[in-house]
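Visitor: I would like to learn how to read a model like this one. Could we take it feature by feature?

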Amino acid sequence: MIILHPESLEAAVEMKRQFPQSSYLSGGTALLSLLSGKDKDSCFIDISKILSAEIRKEGDGVRIGGAAKLADIARSEILPEFIRKSAGFQSSLQLREQATIGGNVALARFDSYMIPSLFASDAVLSLISADGTRDLQVDEYVLSGDKDSIIESVYIRSLSDGEAKRFARASHAHAALTAAHSGKRYAYGISGSGFAFGDKDSYSTVDFSTDLTGSGDYKRYLASVSFKEVR
Ligand SMILES: Cc1cc2nc3c(=O)[nH]c(=O)nc-3n(C[C@H](O)[C@H](O)[C@H](O)COP(=O)(O)OP(=O)(O)OC[C@H]3O[C@@H](n4cnc5c(N)ncnc54)[C@H](O)[C@@H]3O)c2cc1C
């Protein structure tokens with residue numbers, strides 16, 4: 001295994017351009033747990049020391065550094081309660097203290113802890129790649145499939161209250177559905193099936209598939225009742 005240690009984000013994205021098969025390494029909770037003997041030639045670009053982990057007020061919103069840990073987000077008193085709750089969906093204390101928001105968003109797992117809540121709070125990602133810097137809404141980032149940019153920070157534009165839910169057989173089991181809303185912004189992450197972003201009924205366009213977390217019909221039902229009482 002090769003681990004590169006760039007001294008700046010600019011140097012990191014240049015390394016990524018030179019070694020397209022490499023991966024950025026932040027908390028390592030997902031990347032390192034996937035490693036096995038056959039991955040001995042893997043190349044990682046360690047960005048954990050060069051990314052900000054600060055969570056601070058900025059304008060009308062809150063900026064979260066890409067290296068902020070889920071545990072810090074869960075503890076932050078300047079973030080809406082439902083975003084803090086989403087970070088707490090990682091039930092393991094050790095993983096929560098290690099896992100970063102940048103890594104969580106970049107993974108874009110359909111059972112994502114953070115992506116539904118970030119969409120609900122109208123979050124914008126600040127990205128850096130070899131082509132320069134740009135801002136992208138969280139749903140646009142997920143749909144773009146971009147694996148070359150570094151998520152430098154996440155800007156929460158709306159600090160309004162909301163709700164976040166995670167449906168799983170146990171806190172440490174894979175979730176069938178994660179969902180969040182704030183005002184009229186709704187997002188659903190459906191295991192094995194995809195994301196839905198938009199209004200309350202946006203889940204209805206998803207092709208719900210069956211996997212170890214439950215049947216397609218079960219997941220569709222969960223999505224339909226997640227925010228049933230909200231008008
Ligand atoms: C047992 C277990 C259960 C888990 N369950 C869930 C779950 O239910 N839902 C869920 O969402 N996650 C889950 N995870 C995944 C993971 O712990 C979190 O998503 C975590 O937040 C990833 O952050 P990290 O910093 O550890 O990422 P890393 O492991 O360092 O990296 C993960 C990926 O993100 C990329 N990356 C990292 N940081 C950045 C960045 N700043 N910019 C761009 N790309 C970046 C890496 O190249 C890599 O592809 C689980 C992990 C484990 C080990």
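Guide: Gladly, and let us begin with a helix. In helix 8 (residues 216-225), the buried residues are Lys-219, Leu-222 and Ala-223. Viewed down the axis of helix 8, its buried residues fall within an arc of 100°, so they line one face of the helix. Asp-217 and Val-225, on the other side of helix 8, are exposed. A residue is buried if 20 or more other C-beta atoms lie within 10 Å of its own, exposed if 12 or fewer, and partly exposed in between, with C-beta atoms placed from the backbone. The arc is that of the directions from the helix axis to the C-beta atoms. Helices (H or I, at least four residues) and strands (E, at least two) are DSSP runs, numbered from the N terminus.

Visitor: How should I treat the numbering and the confidence?

Guide: Residues are numbered from 1 along each chain as its sequence is written. This is a predicted model, in which local features need pLDDT of at least 70, side-chain atom pairs count only at pLDDT 80 or more, and totals for chains, interfaces and linings use all residues.

Visitor: What covers the buried residues of helix 8?

Guide: The cover includes strand 9 (163-168), strand 10 (175-182) and strand 11 (185-190).

Visitor: Which residues touch the most other members of the largest nonpolar core?

Guide: The general idea is that in soluble globular proteins, nonpolar side chains tend to be buried together. Here a nonpolar core is a set of buried Ala, Val, Leu, Ile, Met, Phe, Trp, Tyr and Cys residues joined through C-beta atoms within 7 Å. The largest one has 58 residues, and Ile-73, Val-105, Ile-115, Val-138, Val-154, Ala-187 and Tyr-188 touch the most other members. Strand 10 gives the most to this core, with 5 residues. Leaving aside neighbours within four places in sequence, Val-138 is in contact (C-beta atoms, placed from the backbone, within 7 Å) with Val-105, Ile-115, Leu-118, Phe-119, Ala-123 and Leu-125.

Visitor: How many bridges join strand 6 to strand 7, and how many join strand 6 to strand 8?

Guide: Two strands pair if DSSP finds at least two bridges between them. Strand 6 (residues 124-129) runs antiparallel to strand 7 (residues 132-137), with 6 bridges, and a hairpin of 2 residues joins the two. Ser-126 stands opposite Asp-135 in strand 7. Strand 6 also runs antiparallel to strand 8, with 5 bridges; Leu-125 has Val-154 of strand 8 as its bridge partner.

Notes: Two residues are in contact if their C-beta atoms, placed from the backbone, lie within 7 Å.
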